[in-house]
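Hi,

Here is the model I said I would pass on. Have a look at it first, and my notes follow below.

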Amino acid sequence: MAKELIAEAEANMKKTVEVVKKEFASLRAGRATPALLDKITVNYYGTPTPLNQLANISVPEARLLVIQPWDKSALPEIEKAILKSDLGITPTSDGTVVRLQIPQLTKERRAELVKVIKKKAEEGRVAIRNVRRDANDALKAKEKKGEISEDELKRSQDEVQKITDKYIKEIDTLLQNKEQEIMSI
């Protein structure tokens, strides 16, 4: 019984770390990556459609993204969606592809990005701690009902804490790597 709760808590913590990874990948660090465009949706024939489902996105150079739509008529809508997004990059189009030139980051922008990633990392840590709290509450409830012993409760709580520490450390490592990436460009 307690094992199932612990396994579920660990799965939820793992999902939280994945969300933090995705958040970090979608932040612009001065290097072109298709993940920058993951959150962009294009109004395609009246339907909001993710950009990566409408076009091939390639990275021919370190600071250049090339978006080649499968349907050329979607080009103006793709440009509009990029302009509306919070990327802060102006697209250029030649009628067949859209090019996004990723500008060099300023010191101010880097400091701003570091603040953003620290905030996202803290949100991830809080989410993991919430999973720990929920798991511990569920374990205490089982102990109250007499489904598990007091010793098993203590052991299970220790195990939940070890898992929590492991995933918080993973988020800290992701944060450190992303911070280095931002500051070294």
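Thr 164 sits in helix 4; helices here are DSSP runs of H or I with at least four residues, strands are E runs of at least two, and both are numbered from the N terminus. Leaving aside neighbours within four places in sequence, Thr 164 is in contact with Met 13, Ile 128 and Arg 132, where contact means heavy atoms within 4.5 Å.

Before I go on, some ground rules. This is a predicted model, in which local features need pLDDT of at least 70 and side-chain atom pairs count only at pLDDT 80 or more, while totals for chains, interfaces and linings use all residues. Residues are numbered from 1 along each chain as its sequence is written, and side-chain values use heavy atoms, with hydrogens and water left out.

Now the cores. A nonpolar core is a set of buried Ala, Val, Leu, Ile, Met, Phe, Trp, Tyr and Cys residues joined through side-chain atoms within 4.5 Å. The largest one has 28 residues, and Phe 24, Ile 128 and Leu 139 touch the most other members. Helix 1 (2-25), helix 3 (107-145) and helix 4 (150-184) are the elements that each give two or more residues to this core, with helix 4 supplying the largest share, nine residues. There is also a second, separate core of 21 residues, which includes Leu 36, Val 42, Ala 74 and Ile 89. Back on Leu 139: not counting residues up to four places away in sequence, Leu 139 touches Ala 2, Leu 5, Ile 148, Leu 153, Ser 156, Gln 157 and Val 160.

On to helix packing. The axes of helix 1 and helix 3 come within 10 Å and cross at roughly 170° (axes are lines fitted to C-alpha atoms, for helices over the stretch in contact, and angles run from 0 to 180 degrees between N-to-C directions). Helix 1 and helix 3 are therefore roughly antiparallel, the label for angles over 145 degrees. Their contact residues divide into 15 nonpolar, three polar and four charged; Ala, Val, Leu, Ile, Met, Phe, Trp, Tyr, Cys and Pro count as nonpolar, Asp, Glu, Lys and Arg as charged, and the others, Gly among them, as polar. Helix 3 and helix 4 pack at an angle of about 170° with axes 10 Å apart, so this pair is roughly antiparallel too. Here the contact residues divide into 15 nonpolar, six polar and eleven charged.

Finally, the strands. Two strands pair if DSSP finds at least two bridges between them. An open sheet of four strands has the order 3-4-6-5, with antiparallel pairing, and its edge strands are strand 3 (55-61) and strand 5 (92-93). Four bridges join strand 4 (residues 64-69) to strand 6 (residues 98-101), and Leu 65 stands opposite Leu 100 in strand 6. Helix 2 (residues 75-84) lies across strand 4, strand 5 and strand 6, running at about 20° to strand 6.

Strand 1 and strand 2 form a hairpin with two residues between them.

Cheers

Key
Buried means under 20% relative accessible area, exposed over 50%, partly exposed in between (1.4 Å probe, protein chains only). Angles under 35 degrees count as roughly parallel, over 145 as roughly antiparallel, 65 to 115 as roughly perpendicular and the rest as oblique.
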